[in-house]
2 protein chains.
Amino acid sequence: MRATLMYGAGDVRVETTTDPSIQKPADAIVRIVRSCVCGSDLHPYHDLPEQEQGMPVGHEFLGVVEQAGTDVTTVKTGDLVVASFSYQDNTCEFCRAGVQTACAHPEFGFFSAAQAELIRVPLADGTLYKLPTGVDTALLPSLLTLADVYGTGYHAAKMAKVSAGDTVAVIGDGAVGLLAVLSAKQLGAERIILMGRHKVRTDLGVEFGATDVVAERGEEGIAKVVELTAGGAHKVLEAVGHRPAYDQAVGIVRGGGVISRVGVPQYEEAPVGFASLFGRNITLNGGPAPVRAYVDELLPNVLDGTVNPGKVFDRTVTLDDVPAAYRAMDDREVLKALVQF
Amino acid sequence: MRATLMYGAGDVRVETTTDPSIQKPADAIVRIVRSCVCGSDLHPYHDLPEQEQGMPVGHEFLGVVEQAGTDVTTVKTGDLVVASFSYQDNTCEFCRAGVQTACAHPEFGFFSAAQAELIRVPLADGTLYKLPTGVDTALLPSLLTLADVYGTGYHAAKMAKVSAGDTVAVIGDGAVGLLAVLSAKQLGAERIILMGRHKVRTDLGVEFGATDVVAERGEEGIAKVVELTAGGAHKVLEAVGHRPAYDQAVGIVRGGGVISRVGVPQYEEAPVGFASLFGRNITLNGGPAPVRAYVDELLPNVLDGTVNPGKVFDRTVTLDDVPAAYRAMDDREVLKALVQF
């Protein structure tokens, strides 16, 4: 099959590799119909050390089941399915509690080979979700967002317990930030302040429900949001992952409020003491989204067109164009690239 | 009046000072009947730089209203009252949301002169709570815990959303840790693991509801709790405030769980990234307890004897003996000293 491999920072290649095969009875093989490039794929694109053997990349996909292991009961050959970006049993204590990304199964993990024609899916029953549409639907881009970015934006809003009347600030105008806006809107937020600098993106944020856009960052951005909200936002959804975004979140959150993070932290230590979180009883939460937990909740509005999260895809490429898609996303020319097979 | 002043680390003196007086119409003057020494008073006792002018200390008291300013409506001269360790209006947005320690009133603050015969209480209506007992009740020690340590332990449990069936770990066998145990028990925790090394204290913890005691600390303590709980506690209540206690909390919390802190952090930065909080969707919260918010909830069980939080006082001293009480608490001879006037 053809697959995307990363050989180091800035070095993405599409090559012919061995087809994956069933290794355990709970596995399935999926022929990918749509995949995409994630903002988090840009982290290794920036800093992966050069390596002899290419690293498979990509963690978002939907496709058709090509083969199912003998233990797989919920999907079968020919089914159109969307996967979560993590694979889990969906039956353990943590999965049942809705924290699928803390699944206790020894095979639990995160996908990293989805920018390819075929993929092996461990724990297929807990990972693949059978879609009630055909492969010819125009909804494929929106359905693909259930694999990660929509569920991740929704996780940010859920963890922050966004509810009617809340003032919410979203940090980051990437796909996850924009879908956090959409999610906050769905959960009843009254005011949604989107912090982002790219007009094309923040315009989509406004379409998704943002009531205010703040382009300033750092101290200036903090001052602006504190002024707009007369003291800070109840809920801050942090969808970037860099340390300045954390500091910005601390600066704009209201006393007693919540900072919910879904941007993968590119730092380990950060302020949590009296001056930052403790003194004002701020809650810090979030993490890798258990997107599998949200599909049932999010799918109906996608199917009936109430929401159109697939709008985050502003370029469609073929597999061979994936290296160019990385470059375009890194240059901020493209918000999120859809890979069509 | 006689009052306690701290002149530097280890240097506590009781001296004659000027009586406080009403300065604003919302003030009251309270003649203190019971005060006490707090674990957090030991922080300046360890590291306060030497100073010419003594620093008034103490933030927990109950007493009798001596004089009420002209704007005070809820208490009057002669009333027996307990104060919260913060003073607040109890009417602003934050107070109404139950985060009195983030009160927006310009005079909001924390008491620091309560180991004395008299004290000025700003914002008396929002700060003093009229007790339905006489000054001769045997319940005074338990009623005094509503000023801080009981409400603070309860805040830890409330922020962690302790509920029926939870496995809770409490870090710290000081008064707040022990009352966090009591609070977790009241909120229905099934298993309460108390991490502490002082048998007299952990024995009281067991009386308050702890089902297990872990004396080990650091990696050893973490391993023990992880083993006891088959993977970690749902809720960790951190009642120490030193950085090793934070690290211990991160080590023993279960995926998807909560670390609720009420020990005043003696650090500003700590790990919050993928390896510590983010990767397992851990929630970090807590802060200075809005104890005023909990008096209505906690008082009935104190009055009817269902709980006896006053048991944390294991020595009673006079005001002149307060310096000796600091020494005894610092030497771990005494858990918490009650000051009787």
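A polar contact, as used here, is a pair of N or O atoms within 3.5 Å; within protein, one must be able to donate a hydrogen and the other to accept it, and residues adjacent in sequence count only if both atoms are side-chain atoms.

## Ground rules

This is a predicted model: local features need pLDDT of at least 70, side-chain atom pairs count only at pLDDT 80 or more, and totals for chains, interfaces and linings use all residues. Residues are numbered from 1 along each chain as its sequence is written, chains are lettered from A and ligands numbered from 1 in the order in which they are written, and side-chain values use heavy atoms, with hydrogens and water left out.

## Where the chains meet

Start with the polar side of things: 26 residue pairs are in polar contact between chain B and chain A, both at pLDDT 80 or more. There are also four salt bridges between the two chains (a side-chain nitrogen of Lys or Arg within 4 Å of a carboxyl oxygen of Asp or Glu). B:E93 makes a salt bridge with A:R254, with 2.5 Å between the closest N and O atoms.

In terms of contact (heavy atoms within 4.5 Å), 39 residues of chain B meet 39 residues of chain A. Putting the chains together buries about 3,100 Å², and carbon and sulfur atoms give 56% of that; buried area here is the accessible area (1.4 Å probe) that two parts lose on being put together, summed over both. On the chain B side, B:E268, B:F278 and B:N281 lose the most area to chain A, together 23% of what that side buries.

## Inside chain A

Chain A splits into domain 1 (2-148 + 290-340) and domain 2 (152-286), with bounds from an automatic or database domain assignment. Their C-alpha centres sit 26 Å apart, and 19 residues of domain 1 of chain A touch 19 of domain 2 of chain A.

Two salt bridges are counted between these domains. A:E207 and A:K311 form a salt bridge, their closest N and O atoms 2.2 Å apart.

## A look at B:H59

B:H59 is buried, at 9% relative accessible area (buried means under 20%, exposed over 50%, partly exposed in between; 1.4 Å probe, protein chains only). Its neighbours, not counting residues up to four places away in sequence, are B:C38, B:S40, B:D41, B:F85, B:F111, B:A114 and B:D148.
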